[in-house]
Amino acid sequence: MSGVVDLAAVKAAGEAKAKAEQARAAASRTGGAGAVAPAALVIDVDEAGFERDVLQRSAEVPVVIDFWAEWCEPCKQLGPLLERLAVEYNGRFLLAKVDVDANQMLMQQFGIQGIPAVFAVVAGQALPLFQGAAPEAQIRETLDQLIQVGEERFGLTGIVVDPDAGEPDAAPAEVPAGPYDALLEAAASALDANDFGGAVQAYKNVLADDPGNPEAKLGLAQAELLGRVQSMDPQAVRKEAAENPGDVDAQIAAADLDLVGGHVEDAFGRLVEAVRRTAGDDRNAARLRLLELFEVIGPEDPRVTAARTALARVLF
């Protein structure tokens with residue numbers, strides 16, 4: 001639990017929390033594009049799907065990991081309790097269940113000495129929560145802290161839950177198209193005119209009402225990247241990065257230039273290395289910039305998949 005408490009001690013970013021709440025409310029009002037059934041809040045995860053089901057999902061919702069085994073008696077008490085709370089919390093966190101007998105590598109990576117053991121991953125960052133069959137009141141308190149950290153520090157909106165989703169007789173819900181065409185066109189025009197600040201604001205206006213809009217998410221990531229490199233002196237930035245490999249700010253700036261120049265693997269590799277060799281705020285800054293650059297390229301790109309795997313190795 002100490003990891004969550006330490007994070008919660010960071011000064012609350014009230015604006016991020018408010019935006020997260022607004023985004024969640026907006027998604028609910030529109031019928032929850034991408035909404036899931038309550039049963040989808042509890043998933044079985046193995047080593048092959050860990051990067052996709054845990055690390056990637058942790059960018060939108062805190063993922064609580066329950067390490068268990070069939071022979072573990074306390075696990076049989078804790079598991080159903082966590083599953084019930086996952087449904088009760090209604091998408092505020094996702095419960096991932098890992099059978100340690102079938103996934104020894106994950107058990108070793110998390111340094112688990114005994115089960116049940118419960119961890120969380122928030123925006124790619126692993127946090128120990130508790131070990132053993134803890135009392136329900138303690139678990140609720142821990143989950144509340146975890147959710148607060150996800151909202152205040154990372155702006156995580158959680159998962160929108162549709163109680164009728166997955167019903168066999170339910171007709172597929174029609175999601176009305178949002179009135180975003182004009183805003184997206186204005187953003188694209190601003191990008192073409194090198195008005196990156198205007199493009200950023202236009203994309204943010206779309207995302208305020210539709211946080212999952214893929215075109216706006218991609219456009220925002222691109223506009224922010226172009227805005228950052230607009231005033232850079234490429235030669236000076238690369239010289240600084242080469243002479244100061246331990247300077248995280250220098251490596252982040254050089255990674256931005258790498259990506260704009262089409263050197264995608266170089267940009268990702270530079271930031272993965274920065275995460276590996278640093279700690280604390282520096283490590284977090286490099287990791288967050290790497291996640292932002294993933295948005296520019298797109299989650300389906302194999303280079304992003306490879307870099308996410310490399311990031312998982314240095315994080316765990």
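Biologist: Is Leu 207 buried or exposed?

Modeller: This is a predicted model, and Leu 207 sits in helix 8, residues 196-209. Buried means under 20% relative accessible area. Leu 207 has a relative accessible area of 15%, so the residue is buried.

Biologist: Which residues is Leu 207 in contact with, leaving aside its neighbours within four places in sequence?

Modeller: Tyr 180 is 27 residues from Leu 207 along the chain, and their C-alpha atoms are separated by 9.7 Å. The contacts of Leu 207, with neighbours within four places left aside, are Asn 213, Ala 216, Lys 217 and Leu 220.

Biologist: How many helices and strands does the protein have?

Modeller: The chain has 316 residues, of which 45% count as buried. The protein has 14 helices and five strands.

Biologist: Among contacts between residues at least 6 apart in sequence, what percentage join residues at least 24 apart?

Modeller: One example of parts brought together is the pair Phe 50 and Phe 110, which ties together parts that are 60 residues apart in sequence. For the protein, among contacts between residues at least 6 apart, the share joining residues at least 24 apart is 71%.

Biologist: Why is strand 2 largely enclosed by the rest of the structure?

Modeller: Strand 2 covers residues 63-68. A residue counts as buried under 20% relative accessible area. Strand 2 is largely enclosed because the number of its six residues that are buried is five.

Biologist: In which sense do strand 2 and strand 3 pair?

Modeller: Strand 3 spans residues 94-99, and six bridges join strand 2 to it. Within this pairing, Asp 66 has Lys 97 of strand 3 as its bridge partner. Strand 2, helix 4 (residues 73-88) and strand 3 make a right-handed β-α-β unit. The sense of the strand pairing is parallel.

Biologist: Which residue in strand 4 stands opposite Val 63?

Modeller: Strand 4 covers residues 117-122 and is joined to strand 2 by five bridges. These two strands run antiparallel. The residue in strand 4 that stands opposite Val 63 is Val 121.

Biologist: What kind of aromatic pair do Phe 50 and Phe 110 form?

Modeller: The structure holds six aromatic pairs. In this one the ring centres are 5.9 Å apart and the planes stand at 75 degrees. Planes over 60 degrees apart count as edge-to-face. The pair is therefore edge-to-face.

Biologist: Which residues do ring pairs link into a cluster?

Modeller: Phe 110 also pairs with Phe 119, at 5.1 Å centre to centre and 75 degrees between the planes. Phe 110 is buried at 9% relative accessible area, and Phe 119 counts as buried at 13%. The cluster linked by ring pairs is Phe 50, Phe 67, Phe 110 and Phe 119.

Biologist: Where is Pro 299, and what is its relative accessible area?

Modeller: Pro 299 is placed in the loop between helix 13 and helix 14. Arg 52 is 247 residues from Pro 299 in sequence and 9.9 Å from it in space, C-alpha to C-alpha. Pro 299 is partly exposed, and its relative accessible area is 44%.

Biologist: Leaving aside its neighbours within four places in sequence, which residues is Arg 308 in contact with?

Modeller: Arg 308 is found in helix 14. Its relative accessible area is 12%, so Arg 308 is buried. Leaving aside neighbours within four places, its contacts are Glu 51, Leu 55, Gln 56, Leu 291 and Phe 294.

Conventions. Residues numbered from 1 in each chain as written. Predicted model: local features only at pLDDT ≥ 70, side-chain atom pairs only at ≥ 80, totals over all residues. Heavy atoms only, no water. Buried < 20%, exposed > 50% of the residue type's maximum accessible area, 1.4 Å probe, protein only. Helix = DSSP H or I, 4+ residues; strand = E, 2+ residues; numbered from the N terminus. Pairing = 2+ DSSP bridges. Right-handed = clockwise from strand over helix to strand, strands pointing away. Contact = heavy atoms within 4.5 Å. Phe/Tyr/Trp six-rings, centres within 6.5 Å; stacked < 30°, edge-to-face > 60°.
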